[in-house]
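Then turn to a loop position and a surface patch.

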2 protein chains.
Amino acid sequence: MKVERKLSPVCWKNVKVVDHFWTLRRETNRTATLPHEYELNKKSGVITAYQWDWWDPARGKAPWRIWVGDIGKWVEAVSYTLATDPDPTLADLAASVVREVLKGQKEDGYLYSNPLPRQWRWTNLQEYHELYDVGHAIEGAVAYYEATGRRDFLDAMCRCADLLDANFGPEEGKIRGYDGHPEIELALVKLYRATGNKRYLNLAKFYVDERGREPNYFAREKEEAKKRGIPLMGWMDTYEYVQAHKPLREQQDAVGHAVRALYLYSGAADVAAETGDTELLATCRRLWRSLTRRRMYVIGGVGSTARGEAFTFDYDLPNETAYAETCANIALVFFAHRMLQIEADSEYADVMERALYNGVLSGVSLDGKRFFYANHLTVYPQAAKGAHDHVAASRQDWFGCACCPPNIARLIASIGQYVYSTSKDELYVHLYVGGSAECSVAGEKVVIRQETQYPWDGLVKLTVEPEAPSRFALALRIPGWCRGAKLEVNGKAVGLRGVTRKGYAVLRRVWERGDRIELVLPMPVERIEAHPAVRMDCGKVALQRGPIVYCLEELDNGPHLADIFLPRSSKLTAEYRPKLLGGVVVIRGKAKRRETTGWRDRLYSPERTKTRTVDILAVPYCVWANRKPGEMIVWIRGD
Amino acid sequence: MKVERKLSPVCWKNVKVVDHFWTLRRETNRTATLPHEYELNKKSGVITAYQWDWWDPARGKAPWRIWVGDIGKWVEAVSYTLATDPDPTLADLAASVVREVLKGQKEDGYLYSNPLPRQWRWTNLQEYHELYDVGHAIEGAVAYYEATGRRDFLDAMCRCADLLDANFGPEEGKIRGYDGHPEIELALVKLYRATGNKRYLNLAKFYVDERGREPNYFAREKEEAKKRGIPLMGWMDTYEYVQAHKPLREQQDAVGHAVRALYLYSGAADVAAETGDTELLATCRRLWRSLTRRRMYVIGGVGSTARGEAFTFDYDLPNETAYAETCANIALVFFAHRMLQIEADSEYADVMERALYNGVLSGVSLDGKRFFYANHLTVYPQAAKGAHDHVAASRQDWFGCACCPPNIARLIASIGQYVYSTSKDELYVHLYVGGSAECSVAGEKVVIRQETQYPWDGLVKLTVEPEAPSRFALALRIPGWCRGAKLEVNGKAVGLRGVTRKGYAVLRRVWERGDRIELVLPMPVERIEAHPAVRMDCGKVALQRGPIVYCLEELDNGPHLADIFLPRSSKLTAEYRPKLLGGVVVIRGKAKRRETTGWRDRLYSPERTKTRTVDILAVPYCVWANRKPGEMIVWIRGD
């Protein structure tokens with residue numbers, strides 16, 4: 001049996017996002033983040049570095065090996081923005097950046113941050129990120145082409161992909177290697193979809209399948225490099241780290257560097273979708289379960305340790321030393337989105353939403369210029385001063401290895417594409433985002449509109465407007481966090497139980513212009529528990545309302561947050577604060593905490609300490625650290 | 001006003017320890033640990049390494065720079081043992097080891113693990129441990145002399161100290177430096193006490209006072225070393241790490257490498273006691289408070305992080321990544337013991353006892369041959385596999401940098417000296433240990449005897465036997481952990497309130513042979529809380545009974561220990577198990593834990609999980625990890 005990709009996302013170009021929540025972020029992205037990143041890239045020499053022939057120490061610091069990747073992501077982000085929010089200044093910048101990038105391309109199509117002499121090309125795939133760079137450049141080129149219709153970048157990247165195709169593959173005389181940092185796989189599938197050139201798909205499949213085979217390519221490569229005097233960094237030198245410890249199809253658990261893992265799984269899902277490879281799809285499902293059922297933070301973050309920015313083991317989710325890199329959380333969205341198209345199961349959309357509204361958005365400040373690379377779930381500022389593993393108590397500015405900033409920029413710019421999908425005769429709504437989309441269903445052009453204050457309110461009013469009355473299914477996601485959803489079509493209640501399939505309420509009928517759907521998703525404040533094996537969260541609850549996970553900040557709740565105890569009997573109320581943090585719903589309630597006064601100078605005591613009742617105020621995790629620095633916790637002690 | 005040292009410890013030679021608890025450990029120490037360490041030292045070349053003139057790579061691995069220190073501690077441990085438990089085999093081994101060590105001493109008295117060419121001596125004091133080695137050798141020599149009456153080692157170490165005295169000091173032409181690893185300071189005071197040579201005391205005082213002065217000696221030293229091409233390791237290169245960031249008298253908090261800190265404070269306390277320096281004593285008190293009131297684990301462990309085996313900041317006491325190095329916990333005993341002699345305040349004895357019965361003894365297995373260097377308070381074996389900072393799930397064998405094994409051996413061998421102190425007309429009992437001691441009080445020879453099952457039972461029967469009726473004060477420590485102690489003298493109740501001074505019940509009277517004292521120290525199981533600022537322990541309790549801190553092991557309680565919840569209403573009972581772990585009191589009770597069955601594949605859930613009641617069994621922390629490896633926790637969730 002072959003896989004058939006069930007859904008296709010409605011392209012970002014055809015989706016209008018007009019709600020307050022995302023508009024705020026998209027505007028900040030367009031007016032602050034993207035110009036800011038351009039300036040910093042320019043200042044750091046990122047835009048022109050790879051035009052050199054080879055790094056010459058006299059020119060200063062060597063170009064960082066992921067710089068083409070960063071530029072690719074930036075062009076991609078700008079492209080999405082241009083299509084929906086035309087901006088001549090950004091358009092000019094993008095055109096000039098593309099010109100600069102293309103100046104760096106060698107005659108035969110080769111492109112890399114720090115171009116290698118021809119005889120050294122592809123000789124240290126494990127460490128150099130040569131194909132990673134090409135992958136991001138391809139993603140940028142495809143988006144740029146789709147947004148502007150300009151083929152210059154796309155054609156150039158096709159030449160680059162052709163060069164890879166000529167040099168990599170199972171055929172005699174070609175390199176049977178793959179990149180240490182997956183990315184090229186998913187990019188080649190994008191390029192295949194944009195150009196129809198099946199060689200790109202085949203090459204992607206080759207990279208996915210070759211990875212981790214015995215004899216291990218990286219082992220052979222390293223031996224060869226040593227012989228030839230090619231510089232080795234010897235950095236994080238395990239095959240698990242690069243997911244090459246065994247063939248992907250034999251891998252049972254999500255391991256190693258989390259961004260690499262998720263990019264690889266995303267590419268594998270793409271290949272499975274395009275080739276109909278059921279075994280590969282089963283692999284993706286298995287790794288998805290490992291990821292999301294045993295190795296994911298409640299904020300939709302992955303990668304528990306700063307050591308190798310990596311996965312550790314089942315249920316090992318330390319809060320204070322969490323890594324949960326913004327790039328990894330974004331990559332989780334990518335993987336979820338791909339699996340969702342294949343399986344049309346809301347489980348994927350649930351995780352996608354969880355990551356988007358929490359662990360992804362936390363990566364950027366409200367002013368769009370400061371970034372969390374690691375997303376901790378507990379922060380004690382003193383602990384961020386070197387005492388423990390990689391703890392940052394506040395967002396930092398863009399820096400040399402600036403993988404996360406353009407990654408978050410491209411995601412925010414393309415948020416529209418995550419909202420809807422279609423199949424032949426179905427229109428899926430995955431996310432509730434005010435705005436509209438144009439798509440084609442059952443041969444008919446259909447406009448769908450959403451009116452909602454989501455994520456702050458669970459009332460969603462939808463209208464569908466087919467050009468002519470048309471029979472198709474409208475499938476509305478009933479979020480996994482929601483209990484007691486209610487649905488009406490044209491004022492008439494629809495029993496959800498009867499129509500729900502894989503988490504979607506499927507309304508199959510003849511739709512006419514002006515049909516109104518009203519979905520009510522009750523949003524009480526929920527106390528979330530983690531599985532008893534998550535040792536860090538035992539006896540604790542996370543507050544969640546709708547898709548939003550909350551946290552306590554010291555500014556609102558005083559110091560020693562770990563001591564706050566939230567009894568189940570405490571009534572929690574939600575309250576919209578239009579002027580706070582860009583407009584958010586906060587959660588308020590009564591909690592208890594111990595008095596510290598009686599302790600004087602003691603550190604341990606057999607006497608029970610008196611507690612007092614205090615007011616607590618929780619804010620959405622995604623906007624924490626936008627005010628005065630201080631402590632923060634997601635998991636609150638509770639009974 | 002000058003400090004006057006109030007008390008002097010009754011020498012280990014004059015104390016008989018006959019109770020089950022310590023006899024078991026002393027016998028294991030004598031028959032297993034000490035011979036085992038000898039064999040391993042011999043095999044590793046530790047005993048003869050420093051007889052070389054200079055390390056020659058052709059001879060193999062360079063001698064490790066603390067090896068003389070390790071040998072010094074071993075000789076010290078054997079010496080204590082020989083005096084109380086004669087053992088001809090050990091005596092011969094010790095004599096031969098001393099001979100070998102002395103062969104390594106250079107003509108002018110110089111002794112170091114890896115002897116430096118003359119022009120390189122004392123040129124990298126920050127890193128090389130040259131004076132640290134001398135310090136431990138001096139401690140070994142003094143103990144060896146006191147135990148055996150043999151002067152060979154002592155005389156040799158006097159020559160070594162004389163060499164230091166000729167080369168270090170404030171005088172023109174001498175080196176104004178000090179060792180990166182304090183130890184020489186306290187050793188020189190010991191040598192002064194053994195020989196009466198005041199130059200040694202003065203040199204100790206110089207080292208204490210010079211440390212951290214500006215311009216910083218280590219900064220100057222490093223510059224000079226770079227110029228001269230002297231190898232620098234560049235390891236843990238901060239002045240806080242070596243307590244040289246400012247003069248000791250200006251230091252407010254316990255910082256840096258914990259063993260270094262505690263050895264330095266011990267030496268400073270010695271100097272203060274001998275010189276009557278009240279400012280220095282005030283410094284010791286201040287650092288004591290920093291240590292014990294804000295930076296000490298409930299097991300009497302110090303140094304919260306493996307990074308630099310160091311202190312971090314106030315109330316930062318992570319359990320799973322605790323370092324609490326066995327050597328640091330031992331050094332805490334040293335410092336406490338010194339402060340106790342000066343101030344006769346039970347606060348010091350309380351900490352000394354806490355460390356001894358918990359974080360020190362946990363360092364060695366019951367068979368005496370395996371060691372914890374780090375003493376975690378939470379262990380999840382999977383986390384010990386590299387995912388996080390330096391977590392060991394089971395004791396390891398002796399290894400190259402074997403600082404802890406001989407340190408614990410010398411402490412166990414000398415336990416007697418911690419039990420009693422005297423002043424002119426006072427006899428202090430600090431610890432309750434079955435056995436007897438001979439001492440001199442108020443000019444009279446007095447024998448004191450204790451009968452007790454301590455630490456398992458709080459009934460202590462004491463008798464005093466002066467040669468003739470004699471007026472003096474018998475001061476009995478009322479432990480800080482104890483509430484409701486009761487005291488009788490010759491069957492007659494004594495009101496504690498009236499006689500208690502600084503935590504000691506002071507019984508001043510004419511004592512006659514046969515006077516009987518009965519002290520009852522009730523030992524209910526206590527639920528100990530940590531200060532609310534200790535974020536890791538909020539909502540948790542540690543079980544303590546008498547001086548013993550307990551823990552839960554997976555073997556007795558199943559996996560996922562973090563989920564166990566111990567309600568305050570649960571009755572906890574203590575039960576002696578003669579065959580378990582060498583004979584221990586265990587604690588039993590009912591607790592609750594969540595069912596994992598209902599979770600199936602979920603990681604987070606808004607539904608409250610059902611709990612079930614379970615039996616728990618806690619064992620003394622000091623004997624954990626002597627059975628099947630598994631999880632362990634000290635802090636248990638409680639209300």
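Trp74(A) is buried in this predicted model. Its relative accessible area is 1%, and buried means under 20%. Tyr38(A) counts as buried too, at 10% relative accessibility.

Across all chains, the structure holds 48 aromatic pairs. Tyr38(A) and Trp74(A) make one of them: the ring centres lie 5.7 Å apart and the planes stand at 40°, so the pair is tilted. This pair links distant parts of the chain. Tyr38(A) belongs to helix H1 (residues 20–44) of chain A, and Trp74(A) to helix H2 (residues 67–84), 36 residues apart.

In chain B, Phe21(B) and Trp22(B) also form an aromatic pair. This one is edge-to-face, with 5.3 Å from centre to centre and 75° between the planes. Phe21(B) is buried at 3% relative accessible area, and Trp22(B) is buried at 1%.

Back in chain A, one aromatic cluster includes Phe21(A), Trp22(A), Tyr357(A) and Trp481(A). Arg25(A) places its charged end over the ring of Phe21(A), 4.1 Å from the ring centre. In chain B, Arg509(B) lies over the face of Trp511(B), 4.9 Å from the ring centre.

Next, a loop position. Asn114(A) sits between helix H3 (88–104) and helix H4 (125–128) of chain A. Asn114(A) is buried, at 12% relative accessible area.

Finally, the surface. Met233(B), Trp235(B) and Met236(B) form a nonpolar patch there, with about 280 Å² of accessible area together. Met236(B) lies in the loop between helix H9 (217–228) and helix H10 (258–275) of chain B. Met236(B) counts as partly exposed, at 31% relative accessibility.

Technical notes: Residues are numbered from 1 along each chain as its sequence is written. Chains are lettered from A and ligands numbered from 1 in the order in which they are written. This is a predicted model: local features need pLDDT of at least 70, side-chain atom pairs count only at pLDDT 80 or more; totals for chains, interfaces and linings use all residues. Side-chain values use heavy atoms; hydrogens and water are left out. Helices (H or I, at least four residues) and strands (E, at least two) are DSSP runs, numbered from the N terminus. Buried means under 20% relative accessible area, exposed over 50%, partly exposed in between (1.4 Å probe, protein chains only). Patches are made of residues with over 30% relative accessible area and no salt bridge: like charges are joined within 9 Å, nonpolar side chains (Val, Leu, Ile, Met, Phe, Trp, Tyr) within 5 Å. Accessible areas come from the Shrake-Rupley method with a 1.4 Å probe; for residues, only the protein chains shown count as cover. A salt bridge is a side-chain nitrogen of Lys or Arg within 4 Å of a carboxyl oxygen of Asp or Glu. Rings of Phe, Tyr and Trp (its six-membered ring) pair if their centres lie within 6.5 Å; planes under 30 degrees apart count as stacked, over 60 as edge-to-face and the rest as tilted. A charge sits over a ring if NZ of Lys or CZ of Arg is within 6 Å of the ring centre and within 35 degrees of the ring normal.
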